[in-house]
Amino acid sequence: MVKAEKVWKSFGKLDVLKGIDFVVYPRQTFVLLGPSGGGKSTLLRCINHLEIIDAGRLWVDGELMGYREKGSALHEMKPRDVSRQRAKIGMVFQRFNLFPHMTAIENVMEAPVRVKGVDRRVAEAEAELLLTQVGLQEKLDVYPAQLSGGQQQRVAIARALAMKPKLMLFDEPTSALDPEVVSEVLDVMKRLAREGTTMVVVTHEIGFAKEVADGVALMDGGVIVEHGPPNEVLVNPKEERTKAFLSKVLA
């Protein structure tokens, strides 16, 4: 579902990603761990072409993201073609980014109606089902300002799922939440993992990674330091940098 090959990304003179390689297969949950500034969020944004890579290749669902390849040359796609690619990728950010003037159900149904041209009645029924699945069936007509952080993030997840994406990206979805509501969001993500949703998740929630991840990678300094199954990387890491990171996170 996702393949990165020698991906480089720089901001000015700062190299943020330095030749990243990894593969995520359909129905897998892949977790990116590591210290702040290690390149995790940038990599996530590169996957859906919110950030344009400087070298290498990124494929999603067999398609080269943002480019067409002719011979050995890459030609950047038109914005509408990139938007078509992004439509099959859902992304949930640290901040919820809900439309404040729309109710929960209006937030969820907006993109299917506007982008895909789904009939409003169909979109509304599907949005109600999604909000019910994330435990918000009693908050359909409530505005974001009246919802807790955990509730807003669950609306954001439902909104991403409304586009029926083939891939879900989560950028530290619990980092802005109060500790007592983190489990609300993690429970939804665990259910998605059990149902076979393909996910790439940036998080510091080690318990979540141990429970549901098929693969885990530690990123630091723009490189993948170590990667493998969670019972290896998280329980018996080989690299000293991984051991040091985990000792601080689990302390």
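# Exercises on a predicted model

E172 is buried, at a relative accessible area of 13% (buried means under 20%, exposed over 50%, partly exposed in between, with a 1.4 Å probe and protein chains only). The model is predicted, so local features need pLDDT of at least 70 and side-chain atom pairs count only at pLDDT 80 or more, while totals for chains, interfaces and linings use all residues. Residues are numbered from 1 along each chain as its sequence is written, and side-chain values use heavy atoms, with hydrogens and water left out.

## Exercise 1

Solution. 
- Step 1. H49 counts as buried, because its relative accessibility is 7%.

## Exercise 2

Task: state what lines the largest pocket and which element gives the largest share of that lining.

Solution. 
- Step 1. The largest pocket holds about 580 Å³ of space. On a 1 Å grid over the protein atoms alone, a pocket is an open set of points where a 1.4 Å probe fits, with protein on both sides within 12 Å along at least five of seven lines; lining residues have an atom within 4 Å of a point. Points are joined across faces, edges and corners, and the volume is the space filled by probe spheres set on them.
- Step 2. Its lining has 20 residues, and R86, I89, M91, A111 and M163 are the closest to the centre.
- Step 3. At least two lining residues come from each of α2 (79-86), β8 (89-92), α3 (104-114) and α5 (149-161).
- Step 4. The largest share, 4 residues, belongs to α3.

## Exercise 3

Task: describe the overall build of the protein chain.

Solution. 
- Step 1. The chain has 9 helices and 12 strands.
- Step 2. Its radius of gyration, taken over C-alpha atoms, is 18 Å, close to the 18 Å that the globule rule gives for 251 residues, so the chain is as compact as a globular protein of that length. The rule is 2.2 Å times the number of residues to the power 0.38.
- Step 3. Of the 251 residues, 53% are buried.
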